[in-house]
Amino acid sequence: LVRKLIASIAFNYPRVFVHADDEPFEDGALALERLANEAIDVMNVKPEIHQCIFDALFCHRGILKLGYNTANTT
C-alpha cells in the first residue's frame with residue numbers, strides 16, 4: 001500500500017530532490033533543487049517523467065533523457 005501511494009504521488013506531482021552532505025555545497029544543493037523543479041514546469045516534461053517512473057516500477061530501471069529546443073521559443 002505504501003509503495004502504491006508513493007508511486008501515485010510521484011507520478012502526479014514529480015519533484016527533484018538534491019541532497020549534499022558537505023558543508024560548502026549545501027546552499028548549492030538547494031539552488032539546484034529549485035532549478036530542476038522549475039525546469040520540469042518550464043520544459044513541460046511531465047509526460048516523460050511519467051514514462052520514466054512507469055518504467056522504473058515495472059522494468060526496475062527508468063531512463064530519462066531531456067533536451068531543450070530553443071529554436072521553437074519566440
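Select Ser8, a residue of helix α1. The model in the viewer is a predicted one.

**The whole chain**

Zoom out and colour by secondary structure. The protein chain has 3 helices and 0 strands. Followed along the sequence, the pattern reads α-α-α. The chain has 74 residues, and 15% of them count as buried.

**The salt bridge**

How many salt bridges does a search of the whole structure find? The search finds 1. To see it, select Arg15 and Glu33 and show their side chains, which meet at 3.8 Å, N to O. Arg15 sits in the loop between α1 (2-12) and α2, whereas Glu33 belongs to helix α2, so the pair links distant parts of the chain, 18 residues apart. Is Glu33 buried or exposed? Glu33 counts as buried, because its relative accessibility of 16% is under 20%.

**Along helix α2**

Stay with helix α2 and select Gly28, which lies in it. Gly28 counts as partly exposed, at 35% relative accessibility. Gly28 and Val18 are 10 residues apart along the chain, and their C-alpha atoms are separated by 9.3 Å.

Next, select Asn44, in the loop between α2 and α3. Most residues other than glycine have a negative phi. The phi of Asn44 is near 55°, a positive value in a residue other than glycine. Asn44 is also exposed, because its relative accessible area of 57% is over 50%.

**The largest pocket**

Show pockets if the viewer can do so. Rolling a probe the size of a water molecule over the atoms shows where empty space is left. The largest pocket has a volume of about 230 Å³. Its lining is made of 16 residues. Which of them lie nearest the centre of the pocket? Select Pro14, Arg15, Val16, Ile40 and Ile49 to see these. Two elements, α2 (26-43) and α3 (46-59), each give two or more residues to the lining. The largest share, 4 residues, comes from α2. Colour the lining by class: 15 residues are nonpolar, none is polar and 1 is charged. Arg15, nearest the centre along with the others named above, is also the salt-bridge partner of Glu33.

For the last stop, select Phe54, which is placed in helix α3. Phe54 is partly exposed, because its relative accessible area of 45% lies between 20% and 50%.

Technical notes: Residues are numbered from 1 along each chain as its sequence is written. This is a predicted model: local features need pLDDT of at least 70, side-chain atom pairs count only at pLDDT 80 or more; totals for chains, interfaces and linings use all residues. Side-chain values use heavy atoms; hydrogens and water are left out. On a 1 Å grid over the protein atoms alone, a cavity is a set of points where a 1.4 Å probe fits but cannot get out, and a pocket is an open set with protein on both sides within 12 Å along at least five of seven lines; lining residues have an atom within 4 Å of a point. Grid points are joined across faces, edges and corners, and a volume is the space filled by probe spheres set on the points. Ala, Val, Leu, Ile, Met, Phe, Trp, Tyr, Cys and Pro count as nonpolar, Asp, Glu, Lys and Arg as charged, and the others, Gly among them, as polar. Buried means under 20% relative accessible area, exposed over 50%, partly exposed in between (1.4 Å probe, protein chains only). A salt bridge is a side-chain nitrogen of Lys or Arg within 4 Å of a carboxyl oxygen of Asp or Glu.
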